[in-house]
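Here is a short briefing on one structure.

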Amino acid sequence: MTLTRILPTLRRSIPDPIAGDHWPAATTASTSDVSVGGVSLLRLAELCGTPAVHLGPAAAPGTSGRLASATRNSGVVVVRVLEASARHGNRTATIDADLSALEPVWAEARLIGRTSVARVAPTLLTAASGCLAPAPIALPGDLDAGDLLALPYATVG
């Protein structure tokens, strides 16, 4: 449990922590963006649209992202929320990318582009193609259409 989970209003001044071993090396988080090797994922999505992919050296295991692996890469995909709803206490969000070919670290999904002070709520992510996250993930309770999510994933090879 982090301070930003207990007091979501703290997200205005400190970013939610990231698990550096799951993100590319040299990943940093701010209150509304994630940068990988100095590249803003928010700016990447503005320039390229979504889904947008950024690759970089994977974090060396056990270094929390401080050291880069010499042999492995990892990536981040930025997706846009097309629709978000809460029915009968279940939250769902549809994204604009089919991530079935990737293995995202679903627990590390994070909102970029704005700072939410809403409490997190279990949200089931689906794609228009029908693929979905294996279980609900913790995302801000005010997630809405147009929001951007960044999800890290491990590359093969």
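Arg-11 is buried, because its relative accessibility is 6% and the cut-off for burial is under 20%. This is a predicted model, so every value here is computed from it. Arg-11 forms a salt bridge with Asp-16, with 3.3 Å between the closest N and O atoms. Asp-16 is partly exposed, at 26% relative accessible area.

**Salt bridges**

- The whole structure holds 4 salt bridges.
- Glu-46 and Arg-43 form one of them, at 3.3 Å from N to O.
- Both residues sit in helix α2 (residues 41–48), 3 residues apart, or about one turn of the helix.
- Glu-46 is exposed at 52% relative accessibility, while Arg-43 is partly exposed at 45%.
- Arg-114 pairs with Asp-147, and their closest N and O atoms are 2.9 Å apart.
- That pair links distant parts of the chain, 33 residues apart.
- Arg-114 lies in the loop between β7 (110–112) and β8, and Asp-147 in the loop between β9 and β10.
- Arg-114 is partly exposed at 26% relative accessibility, whereas Asp-147 is buried at 9%.

**Nonpolar cores**

- The largest nonpolar core has 20 residues.
- Val-79, Leu-99, Leu-125, Leu-149 and Leu-151 have the most contacts inside this core.
- Two or more residues each come from β5 (68–87), β6 (90–95), β8 (120–127), β9 (137–140) and β10 (148–154).
- Another core, of 13 residues, lies apart from the largest one and includes Trp-23, Val-34, Ala-52 and Leu-148.
- Leu-149 touches several residues beyond four places away in sequence, among them Val-77, Val-79, Ile-95, Leu-125 and Leu-139.
- Arg-110 is also among the contacts of Leu-149.

**Nonpolar surface**

- Met-1, Leu-3, Ile-6, Leu-7 and Ile-14 make a nonpolar surface patch of about 540 Å².
- Leu-7 sits in the loop between α1 (3–6) and β1 (27–29).
- Leu-7 is partly exposed, with a relative accessible area of 44%.

**Open sheet**

- Three strands form an open sheet in the order β1-β2-β3, with antiparallel pairing.
- β1 and β3 (39–40) are at the edges, and each has a single partner strand, so one side of each has no neighbour in the sheet.
- β1 pairs with β2 (residues 34–36) over 3 bridges, in the antiparallel sense.
- Ala-29 has Val-34 in β2 as its bridge partner.
- Val-34 is also one of the residues in the 13-residue core.

Conventions
Residues numbered from 1 in each chain as written. Predicted model: local features only at pLDDT ≥ 70, side-chain atom pairs only at ≥ 80, totals over all residues. Heavy atoms only, no water. Core = buried A, V, L, I, M, F, W, Y, C linked by side-chain atoms within 4.5 Å. Buried < 20%, exposed > 50% of the residue type's maximum accessible area, 1.4 Å probe, protein only. Helix = DSSP H or I, 4+ residues; strand = E, 2+ residues; numbered from the N terminus. Contact = heavy atoms within 4.5 Å. Patch = residues over 30% accessible without salt bridge, like charges linked within 9 Å, V, L, I, M, F, W, Y side chains within 5 Å. Areas by Shrake-Rupley, 256 points an atom, 1.4 Å probe, with all protein chains shown as cover. Salt bridge = Lys/Arg side-chain N within 4 Å of Asp/Glu carboxyl O. Pairing = 2+ DSSP bridges.
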